[in-house]
Amino acid sequence: MQNEFEQAVAALENEGVIAYATEAVFGLGCDPDSELAVQRLLDIKQRPVEKGLILIAAELGQLLDYIDLSQLTAEQLARVEASWPGPFTWIMPAKPDTPSWLTGQFDTLAVRVTAHPQVQGLCRAFGKPLVSTSANLTGEEPARRVADIGELLASKLAYVLPGEVGGQANPSEIKDARSGAIIRPS
């Protein structure tokens, strides 16, 4: 496993896009601080930058460079923290210097603290969160096994980290941290 983590981290450090198992589906990930890596991911997904992306982390502290917790009330933050780690993605206020290649057309950012042990380990080994989006072309079914990734998609990736998805039937629920409104049900 360590050698596989080392290969995944090396790919991330070289601005590559990797695939890895999450709570429900395989995800595509890259270094959120590399505009080149994010553009590669968007090109692979055929996804417009305006839609924004999700960051996945091992713990809340890994997200603090990107989100502005001062814009949330204590109650709002408590609601978010009570759901983590877990398959819950929250739309949170972005810091003013968070790159637009992450936020898209918004002044917010979607973030999640994962409960998936392999993703936690990957984020810890990399030392920061990953961009995380489902491993599929936009509009197609997401991959639930390494075999589902497909040759065309796999040929565009720097590395596919072997692993098993967690027990979630659907991708993470997305909620607005300020209003509590559900943006995408699980």
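Buried means under 20% relative accessible area, exposed means over 50%, and partly exposed lies in between, with a 1.4 Å probe and protein chains only as cover. This is a predicted model, in which local features need pLDDT of at least 70 and side-chain atom pairs count only at pLDDT 80 or more, while totals for chains, interfaces and linings use all residues. Residues are numbered from 1 along each chain as its sequence is written, and side-chain values use heavy atoms, with hydrogens and water left out.

Figure 1. The protein holds six helices and nine strands, where helices (H or I, at least four residues) and strands (E, at least two) are DSSP runs numbered from the N terminus. Its radius of gyration is 15 Å, close to the 16 Å that the globule rule gives for 186 residues, so the protein is as compact as a globular protein of that length; the radius is taken over C-alpha atoms, and the rule is 2.2 Å times the number of residues to the power 0.38. Taken along the principal axes, the C-alpha atoms fill a box of roughly 45 × 30 × 30 Å. Of the 186 residues, 53% count as buried. Among contacts (heavy atoms within 4.5 Å) between residues at least 6 apart in sequence, 69% join residues at least 24 apart.

**Figure 2. The largest nonpolar core and the surroundings of Met92.** A nonpolar core is a set of buried Ala, Val, Leu, Ile, Met, Phe, Trp, Tyr and Cys residues joined through side-chain atoms within 4.5 Å. The largest one has 38 residues, and those with the most contacts inside it are Leu28, Leu63, Trp84 and Met92. Two or more residues come from each of β1 (18-21), β2 (26-30), α2 (35-45), β3 (54-57), α3 (74-83), β4 (88-93), α4 (100-103) and β5 (108-113), and α2 gives the most, with five residues. Leaving aside residues up to four places away in sequence, Met92 touches Ile67, Leu69, Leu72, Val80, Trp84, Thr108, Leu109, Val111 and Ala177. A second, separate core of 16 residues includes Phe5, Ala11, Leu12 and Ile18.

**Figure 3. Ile67 in the loop between β3 and α3.** At 1% relative accessibility, Ile67 counts as buried. Apart from residues up to four places away in sequence, Ile67 touches Leu60, Met92, Pro93, Ala94, Lys95, Leu109 and Val111. The C-alpha atoms of Ile67 and Gly127, which are 60 residues apart along the chain, are separated by 17 Å.

**Figure 4. Ala57 and Thr114, two residues in contact.** Ala57 has its place in strand β3 and counts as buried at 0% relative accessibility. Beyond residues up to four places away in sequence, Ala57 touches Gln62, Leu63, Arg112, Val113, Thr114, Cys123 and Pro129. Thr114, in the loop between β5 and α5, is likewise buried, with a relative accessible area of 0%. With residues up to four places away in sequence again left out, Thr114 touches Glu23, Ile56, Ala57, Pro85, Gly86, Val119 and Gln120.

Figure 5. Helix α5, spanning residues 117-126, is mostly covered, with seven of its 10 residues buried. The buried residues of α5 are Gln118, Val119, Gln120, Gly121, Leu122, Cys123 and Phe126.

Figure 6. Glu15 lies in the loop between α1 (2-13) and β1 and is partly exposed, with a relative accessible area of 31%.
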